[in-house]
Each structure stands twice: as structure tokens, then as C-alpha cells.
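Trainee: Could we go through this one together, helix packing and pockets included?
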Amino acid sequence: MELTTVWFALIAILWMGYFALEGFDFGVGMLLPILGRSDRERRVLINTIGPVWDGNEVWLLVAGGATFAAFPEWYATLFSGFYLPLLLILVALIVRGLAFEYRHKRDDASWRQRWDLVLIIGSFVPAVLWGVAFANILRGVPIDADFEYVGGFFNLLNPYALLGGAMTLLLFLTHGAMFIALKTDGPIRYAARALAVKLGVAAAAVAVLFLGWTQVKTGDAASAVAFVVAALALVAGIAAAVAGREGWAFLGTFVAIAVGVAGLFLALFPDVMPSTLADGTSLTTTNAAATAYTLKIMTVVAAIFTPMVLAYQAWTYWVFRKRIAVHHIPEPVLAAGPR
């Protein structure tokens with residue numbers, strides 16, 4: 001297997017991990033006003049993701065860095081052409097991080113409510129825009145013969161891309177509700193489980209539409225298999241939630257998102273950014289790749305450090321594996337922030 005293919009697969013795995021992990025904490029953030037009726041309940045929700053949200057974002061940083069090093073032409077065209085939506089995502093992630101850190105700094109209800117709003121918006125914006133961005137990559141964008149994006153912002157707001165944004169939004173909401181049901185106890189747990197079922201049905205309907213559209217446009221046999229597995233995993237997760245099996249329910253949405261992303265990359269390969277222009281040039285794993293020597297060095301580094309990072313993150317989830325409930329949150333809330 002060529003190293004360009006290896007690195008395309010590794011980048012796909014990084015995005016699979018990012019969406020499957022960051023997806024649930026986006027969902028928790030968006031569900032804050034729905035499942036968190038009181039300040040103590042909102043603290044419970046925030047504390048379910050407090051120890052892990054920043055670790056989940058490492059997957060995004062590594063995916064971006066790997067793309068820059070392995071496929072510099074892809075990185076340059078993507079970040080210049082999608083500058084505005086990616087900037088909005090970056091700003092949302094920054095202010096979202098600030099909300100986690102500053103919410104507890106003052107014992108003032110209005111102060112916490114304002115930071116809660118920042119957290120909700122900071123979770124909503126990436127949840128939608130990541131779907132829009134990836135849908136446009138799959139659909140193709142106007143790229144000229146010099147690998148330059150020549151479209152505008154509104155080229156990205158097409159029906160296919162908006163459907164992709166709706167899919168990621170609903171999937172992350174479902175995934176977040178499953179995670180809350182898994183990590184909490186008491187009334188929040190049961191409310192989250194019931195909500196996860198309702199959201200899951202809507203997410204499944206939109207996902208079938210988007211993945212079916214993708215399969216017709218650019219899919220092959222491998223992507224079809226991945227999409228079917230993703231759909232079955234999502235249905236199984238919903239069924240497990242109905243049966244009260246929160247662990248299996250969360251695993252179902254986790255697998256559905258991860259395998260669904262894998263299917264999108266399979267449908268994209270060997271392109272990395274197809275062009276919609278007749279006289280344009282599509283970016284592929286060949287013409288967008290770095291030198292062979294660069295890829296060799298990167299492969300050695302990845303082989304050494306990737307297992308270490310995975311082991312550390314797995315240890316973090318193991319340490320913070322227990323459920324939490326409202327009675328774990330003191331009243332009034334003067335405790336330290338979610339760490």
C-alpha cells in the first residue's frame with residue numbers, strides 16, 4: 001500500500017475519532033437548556049464532559065496537523081476556500097472552552113447563565129458547520145487548474161450541504177443524550193434516555209437521506225457497506241435505549257458516527273477535494289501529497305506516539321467512568337470548575 005493511501009486512511013481514522021468523541025460533548029452542550037432545568041442539573045451535565053472535552057479536541061488538532069504535513073495542497077485549498085466557516089468553527093470552539101473555564105469563577109446566577117448560553121452556541125455552531133463542510137468536500141467545489149478555490153461563501157450553502165449539517169446536528173444531539181443517560185443517575189438519566197430515542201428516530205431519517213444521496217453521487221461498494229453498518233448501529237443504539245441499556249445505546253451511536261465517517265472517506269477516495277469545474281483540477285491523494293521522505297518520517301513518528309496518546313485518553317475515560325447525580329453537586333454551587 002502506498003504511503004499516500006496510508007495517510008489518507010490515518011486522517012480518516014482521526015476524523016472518525018473526533019466526531020465520535022467530540023460529537024457527544026457537542027450534544028451535551030446543546031442539551032444544557034433542555035435537560036438542565038436548575039443550576040445543579042446543569043452542573044451535572046457539564047461535569048459529565050468536564051474531564052474529557054479538551055482531550056477530545058486533540059483529535060481535531062492532530063487531524064489538521066496530519067493534513068498539513070501529509071497533503072499540503074489539500075490543506076491549503078481547504079483552509080483558504082472554507083475560510084469563513086472554519087473561522088466560525090474555531091471561534092465557537094474557543095469561546096466554548098472559555099465557558100468551561102469561566103462559568104464557575106463567580107457565584108452569580110446571571111454570570112453562569114451567560115456562560116451557559118456561550119456553551120450552547122459554541123456547541124451548536126460546530127455541530128452544524130462540520131456537516132456542511134464535509135458535505136461540500138464530498139459534493140465537490142469550484143477548484144481551478146492551479147488548485148485554487150474560486151467559489152464564494154454561498155456556494156457552500158447548497159441543499160446537499162445543509163442536509164449534511166442537519167445530519168451531524170441530530171446525530172450529535174442523539175449521541176450527547178445517550179452519553180448523559182450513561183453518565184448520570186436519577187431524573188436526568190431517565191429524561192436523557194427518553195429524549196435520545198426521539199432524537200435518534202429523527203437522526204436516523206435524516207442520515208438515511210444524506211447517506212443515500214452520497215452513495216448515489218460518489219459511493220462505491222465499500223462505502224455502501226459502511227453506510228449500512230452505520231445505519232444498523234444507529235438503529236441498534238436506539239433499540240438499546242428503549243430497553244434501558246445505556247452502555248449499548250451509547251456504543252451504537254458511537255459506532256454509527258465512526259463508521260458513517262469512514263463511509264464518507266471511502267466515497268471520497270482517491271479524491272480529497274473534487275473540482276466541479278470542467279477545466280478545473282481535482283485534488284487527489286497523489287497530486288495533493290507531500291514528498292515520499294516526509295511521509296516516511298511522519299509514519300515513524302505516528303507509529304511511536306499514537307499508541308501513547310490513545311492509552312492516555314483511555315486511562316482518562318476509565319478514571320472518570322462513574323455516574324454523577326444532582327446530590328453530588330453542593331448547594332449553593334461554589335465548587336471548582338469541571339475538571
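This is a predicted model: local features need pLDDT of at least 70, side-chain atom pairs count only at pLDDT 80 or more; totals for chains, interfaces and linings use all residues.

Trainee: Which way does α8 run relative to α11, roughly parallel or roughly antiparallel?

Mentor: Helices here are DSSP runs (H or I, at least four residues; strands are E, at least two), numbered from the N terminus. Axes are lines fitted to C-alpha atoms, for helices over the stretch in contact, with angles from 0 to 180 degrees between N-to-C directions. The axes of α8 (residues 159-183) and α11 (residues 246-268) come within 9 Å and cross at roughly 155 degrees. Under 35 degrees counts as roughly parallel, 65 to 115 as roughly perpendicular, over 145 as roughly antiparallel and the rest as oblique, so α8 and α11 are roughly antiparallel.

Trainee: What classes of residue make up the contact of α8 with α11?

Mentor: Contact means heavy atoms within 4.5 Å, and on the α8 side Phe172, Met178 and Phe179 are among the residues involved, with Phe250, Phe254 and Ile257 among those in α11. Ala, Val, Leu, Ile, Met, Phe, Trp, Tyr, Cys and Pro count as nonpolar, Asp, Glu, Lys and Arg as charged, and the others, Gly among them, as polar. For α8 with α11 that gives ten nonpolar, four polar and one charged.

Trainee: How many charged residues sit in the contact of α4 with α6?

Mentor: The axes of α4 (residues 53-70) and α6 (residues 83-102) come within 12 Å and cross at roughly 165 degrees, so these two are roughly antiparallel. Trp53, Glu57 and Leu60 in α4 meet Leu93, Arg96, Gly97, Phe100 and Glu101 in α6. By class, that contact has four nonpolar, one polar and, for the charged ones, three.

Trainee: And how many charged residues are in the contact of α4 with α12?

Mentor: α4 and α12 pack at about 175 degrees with their axes 12 Å apart, so they are roughly antiparallel too. The α4 residues here include Trp59 and Ala66, which belong to a contact with α12 residues such as Leu310 and Tyr317. The classes are eight nonpolar, four polar and, for charged, none.

Trainee: Which helix gives the most to the lining of the largest pocket?

Mentor: On a 1 Å grid over the protein atoms alone, a pocket is an open set of points with protein on both sides within 12 Å along at least five of seven lines, and lining residues have an atom within 4 Å of a point; a cavity is instead a set where a 1.4 Å probe fits but cannot get out. Points are joined across faces, edges and corners, and a volume is the space filled by probe spheres set on them; here it is about 520 Å³. Of the 24 lining residues, Trp15, Leu60, Phe79, Leu86 and Trp130 are the closest to the centre. Seven residues come from the helix that gives the most, α6.

Trainee: Which helix supplies the largest share of the lining of the second largest pocket?

Mentor: That pocket holds about 450 Å³ of space, and its lining has 18 residues, with Leu14, Val62, Ala302, Phe305 and Thr306 nearest its centre. The elements giving two or more residues are α1 (3-30), α4 and α12 (292-319). The largest share, eight residues, comes from α12.

Trainee: Which peptide bond is cis?

Mentor: Look in the loop between α11 and β1 (271-273), where Pro270 lies. Omega is near 5 degrees for the cis bond from Phe269 to Pro270.

Trainee: What is the phi of Phe147?

Mentor: Phe147 lies in the loop between α7 and α8. Although Phe147 is not a glycine, its phi is positive, at about 65 degrees.

Definitions and conventions. Residues are numbered from 1 along each chain as its sequence is written. Side-chain values use heavy atoms; hydrogens and water are left out.
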